[in-house]
Amino acid sequence: SYTKLDENGNNLPDDAESWSMVRDNVTGLVWEIKQNEDYRADYTNPHDADNSYIWYDSNPRTNGGFVGYQGNGRNTQAFIESLNTSDFGGFSDWRIPTLKELLFIVDLSQSNPTFSDYFPNLKTYYWSSNTRANKSSHAYYLNTSFGDVGEHHKSNDYTYVIGVRGGTPGVLGGLVLNGDG
C-alpha cells in the first residue's frame, strides 16, 4: 500500500503520472523517487537514476567501524547530505535505508523480483546502511533483479542509493526489533 507524494510531501492520486516521493502506508517510510534514467549520470541532480556512489559514513556510531571512502564527493553520505541540505520534500531527516527496509519494497512474489510501479527508474544494486559485522570494509546491498542480498567492498562505485525517511525506529511492518538477536 503506497501513496504518491509531490515535491512538497502532499498526497497525489494513484493515477498521477509524476511524483517525487512515495509513502509506504504499512511502514510509514517515505522514499525518494529516482528520475531521468537515460544511462548518463548527472551528479548535479541527486535524484538522477544513473548516479552511483561509493559507501561512506563518517559517524562511528553507524559506520560499523570503517568509514568507507569519500571518493570525489560521490559517496552515500554526500548524497544524503544533499537531500537534507535542500530540505527535499520539506524534510531534513533523509538517510540510507537499512537492508530490512529495502527488502520491504521489493516484490518477492515474482520470479524476477522488482520494485512496484510506484518506484520507477530503479537500478539493480542498492546500498544499505548495514556494514558486515565481521568485515567492516564491506557493506550490504540489495540486488533487485533476484531479490537477494550481497555485500560489496565499500569502495565499489557501481552501486546506487535511494533516500528514505520516517517510520518508527525499530518497528517495521508491525514487527518490533527487541534487540535480542
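This is a predicted model: local features need pLDDT of at least 70, side-chain atom pairs count only at pLDDT 80 or more; totals for chains, interfaces and linings use all residues.
**Exercise 1. Decide whether Glu 32 is buried or exposed, and list what its side chain reaches.**

Step 1. Locate the residue: Glu 32 sits in strand E3.

Step 2. Check its accessibility. The relative accessible area of Glu 32 is 0%, and buried means under 20%, so Glu 32 counts as buried.

Step 3. Look at the surroundings. Leaving out residues up to four places away in sequence, Glu 32 touches several residues, including Ser 20, Pro 46, Phe 79, Phe 88, Trp 94 and Val 161.

**Exercise 2. Compare three residues of the loop between E3 and H1: Ser 52, Asn 36 and Tyr 39.**

Step 1. Take Ser 52, which lies in this loop. Its relative accessibility is 13%, so Ser 52 counts as buried.

Step 2. See what Ser 52 meets. A polar atom of its side chain lies 2.7 Å from the backbone oxygen of Asp 157. Beyond its neighbours within four places in sequence, Ser 52 is in contact with Tyr 43, Arg 74, Asp 157, Tyr 158, Thr 159 and Tyr 160.

Step 3. Turn to Asn 36, also placed in the loop between E3 and H1. Asn 36 is not a glycine, yet it has a positive phi of about 55°. With 41% relative accessibility, Asn 36 counts as partly exposed.

Step 4. Finish with Tyr 39, found in the loop between E3 and H1. Tyr 39 has a positive phi of about 65° although it is not a glycine. At 67% relative accessibility, Tyr 39 counts as exposed.

**Exercise 3. Work out which face of helix H1 is buried and what that face packs against.**

Step 1. Begin at the N-terminal end of H1. Asn 75 caps this end, with a side-chain oxygen 3.1 Å from the backbone nitrogen of Gln 77.

Step 2. Collect the buried residues. In H1, residues 76-85, they are Thr 76, Gln 77, Phe 79, Ile 80, Leu 83 and Asn 84. Seen down the axis of H1, these buried residues fall within an arc of 160°, so they line one face of the helix.

Step 3. Recall a rule that helps here. An α-helix has 3.6 residues a turn, so residues three or four places apart point the same way.

Step 4. Find the partners: the buried residues of H1 pack against E3 and E6.

Step 5. Look past the helix. H1 is followed by Asp 87, whose phi is positive, near 50°.

**Exercise 4. Trace the sheet that contains E7.**

Step 1. Write down the order. An open sheet is formed by three strands, E6-E7-E8, with antiparallel pairing. E6 and E8 stand at the edges with a single partner strand each, so one side of each has no neighbour in the sheet. From one strand to the next, the twist averages 40°.

Step 2. Examine E6 and E7. Four bridges join strand E6 (residues 125-131) to E7. Trp 127 stands opposite Tyr 141 in E7, and the bridge partner of Tyr 126 in E7 is Leu 142.

Step 3. Examine E7 and E8. Here six bridges link E7 to strand E8, residues 148-153. Ala 139 has His 152 in E8 as its bridge partner. This hairpin has four residues between its strands, and Gly 147 takes a positive phi near 75°.

Step 4. Ask how covered E7 is. Five of the six residues in strand E7 (residues 138-143) are buried, which leaves the strand mostly covered.

Technical notes. Residues are numbered from 1 along each chain as its sequence is written. Side-chain values use heavy atoms; hydrogens and water are left out. Buried means under 20% relative accessible area, exposed over 50%, partly exposed in between (1.4 Å probe, protein chains only). Helices (H or I, at least four residues) and strands (E, at least two) are DSSP runs, numbered from the N terminus. Two strands pair if DSSP finds at least two bridges between them. The arc is that of the directions from the helix axis to the C-beta atoms. Contact means heavy atoms within 4.5 Å. A polar contact is a pair of N or O atoms within 3.5 Å; within protein, one must be able to donate a hydrogen and the other to accept it, and residues adjacent in sequence count only if both atoms are side-chain atoms. Axes are lines fitted to C-alpha atoms, for helices over the stretch in contact, and angles run from 0 to 180 degrees between N-to-C directions.
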